[in-house]
Amino acid sequence: MADERPAPRLAFVHESDVPWQEVLAQRHGERRVSVHEKFLEWTKDRLVVLGRYDPHVVVERHGHRSDHLVYVLAGDLVVGDRLCPAGTLIVLEVGATF
């Protein structure tokens with residue numbers, strides 16, 4: 001019987017080919033801040049997102065239905081009481097919240 005699985009996929013995506021999308025906006029007094037994301041890969045098996053957060057954006061505690069990796073490229077991110085400077089990798093397994 002022949003193997004019916006599709007051949008493994010090899011794909012290339014350059015971030016410059018993917019547009020930024022505003023996914024969250026907030027008002028802090030007179031100042032508007034937001035989160036923008038580029039969805040580099042979005043399939044039933046994985047999601048790869050490049051995110052850009054304006055200073056002082058507050059994202060409510062939440063989780064995801066899959067493992068989730070956050071790598072801080074520039075600036076700082078505060079998760080709870082933990083300061084995560086550029087170069088920090090945050091690993092959230094399924095069900096973890098931050």
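Contact here means heavy atoms within 4.5 Å, and by that criterion Lys38 touches Glu15, Ser16, Val18, Pro19, Trp20, Val48, Val49 and Leu50, not counting residues up to four places away in sequence. The model is a predicted one, in which local features need pLDDT of at least 70 and side-chain atom pairs count only at pLDDT 80 or more, whereas totals for chains, interfaces and linings use all residues. Residues are numbered from 1 along each chain as its sequence is written, and side-chain values use heavy atoms, with hydrogens and water left out.

**The three-stranded sheet**

- Strands, like helices, are DSSP runs numbered from the N terminus (strands are E with at least two residues, helices H or I with at least four), and two strands pair if DSSP finds at least two bridges between them.
- An open sheet is formed by three strands in the order β1-β2-β3, with antiparallel pairing; its edge strands, β1 (21-28) and β3 (47-53), each pair on one side only.
- On average, and with direction ignored, neighbouring strands of this sheet are turned by 20° against each other, where axes are lines fitted to C-alpha atoms (for helices over the stretch in contact) and angles run from 0 to 180 degrees between N-to-C directions.
- Strand β2 (residues 31-42) is joined to β3 by seven bridges, the two running antiparallel, and His36 stands opposite Arg52 in β3.

- Lys38, which lies in strand β2, counts as buried at 5% relative accessibility, since buried means under 20% relative accessible area, exposed over 50% and partly exposed in between (1.4 Å probe, protein chains only).
- Val13, placed in the segment before β1, is partly exposed, with a relative accessible area of 46%.
- Val13 touches Val18 and Leu40, again leaving aside residues up to four places away in sequence, and Val13 and Glu41, 28 residues apart in sequence, are 8.1 Å apart in space, C-alpha to C-alpha.

- Strand β5 (residues 76-79) and strand β6 (residues 82-85) pair in the antiparallel sense over four bridges, and Leu77 stands opposite Cys84 in β6.
- Two residues lie between the strands of this hairpin, in which Gly80 takes a positive phi near 65°.
- The largest nonpolar core consists of five residues, Val70, Val72, Cys84, Ile90 and Leu92; such a core is a set of buried Ala, Val, Leu, Ile, Met, Phe, Trp, Tyr and Cys residues joined through side-chain atoms within 4.5 Å.
- Cys84 touches Val72, Gly75, Asp76, Leu77, Val79 and Ile90, not counting residues up to four places away in sequence.
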